[in-house]
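Hi,

Here is the structure I promised to pass on. Have a look at it first, and then read my notes below.

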Amino acid sequence: MAFKVLVLHGPNLNLLGQREPRVYGQVTLETINQSLHNLAESLGVTLECLQSNHEGVLVDAIQGAPSHAQGILINPAAYTHTSVAIRDAIAAVSLPTVEVHLSNIHQRESFRHHSYIAPVALGQIAGFGAESYLLGLRALVAHLQKVASA
Ligand code: DQA
């Protein structure tokens with residue numbers, strides 16, 4: 001089966017490249033999506049990528065995911081630390097979900113140490129810049145393949 005993964009980027013990630021480059025690097029969201037598509041192709045999966053600054057749009061996308069995707073790769077950005085709604089949506093659809101962050105949120109301000117998403121995620125990858133997304137996609141696809149072959 002050819003898996004499809006929904007890739008979600010939360011608020012302000014549309015500004016990557018110009019936003020706090022010392023924290024988030026120079027890479028743009030477009031480049032991250034391109035690298036994800038390249039990796040997806042080599043792994044034999046397809047992707048749908050969406051960025052939104054709006055919590056409800058992300059909740060709607062998660063709710064709609066089971067009709068066309070088998071897993072979710074998400075950088076919830078600031079909503080990581082605030083959104084019970086996104087956490088509940090992930091719990092509701094129960095699709096395997098990997099949480100990723102460019103920065104190491106545990107090394108930063110204390111308000112970034114808590115994630116509402118982590119308890120409902122398969123795992124969390126943080127601190128590797130754009131590589132966090134690629135590691136997250138590899139981990140998610142490996143999980144999907146393992147479950148499918150069990
Ligand atoms: C982030 C970390 C969050 O704390 C922050 O609000 C972001 C980006 C990251 O990728 O490092 O917007 O999710």
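Please keep in mind that this is a predicted model. I started with helix α2, on the face turned away from its buried side, where the exposed residues E30, E41 and S42 sit. The buried residues of α2 are L29, I32, N33, L36, L39 and A40. They span an arc of only 125 degrees around the axis, so they fall on the same side of α2.

As for the helix itself, α2 runs over residues 29–43, 15 residues in total, and its first and last C-alpha atoms are 21 Å apart, close to the 21 Å expected at 1.5 Å a residue. After α2 comes G44, with a positive phi near 80 degrees.

Next, the largest pocket. It holds about 210 Å³ of space and is lined by 18 residues, with Y24, A77, A78, H81 and R112 nearest its centre. Its lining is made up of eight nonpolar, seven polar and three charged residues.

Is A85 buried, partly exposed or exposed? Its relative accessibility is 36%, so A85 counts as partly exposed. Leaving aside residues up to four places away in sequence, A85 touches E55 and V59. R108 is 23 residues from A85 along the chain, and their C-alpha atoms are 24 Å apart.

Best wishes

How values were computed:
Residues are numbered from 1 along each chain as its sequence is written. This is a predicted model: local features need pLDDT of at least 70, side-chain atom pairs count only at pLDDT 80 or more; totals for chains, interfaces and linings use all residues. Side-chain values use heavy atoms; hydrogens and water are left out. On a 1 Å grid over the protein atoms alone, a cavity is a set of points where a 1.4 Å probe fits but cannot get out, and a pocket is an open set with protein on both sides within 12 Å along at least five of seven lines; lining residues have an atom within 4 Å of a point. Grid points are joined across faces, edges and corners, and a volume is the space filled by probe spheres set on the points. Ala, Val, Leu, Ile, Met, Phe, Trp, Tyr, Cys and Pro count as nonpolar, Asp, Glu, Lys and Arg as charged, and the others, Gly among them, as polar. Helices (H or I, at least four residues) and strands (E, at least two) are DSSP runs, numbered from the N terminus. The expected span of a helix is 1.5 Å times one less than its number of residues. Buried means under 20% relative accessible area, exposed over 50%, partly exposed in between (1.4 Å probe, protein chains only). The arc is that of the directions from the helix axis to the C-beta atoms. Contact means heavy atoms within 4.5 Å.
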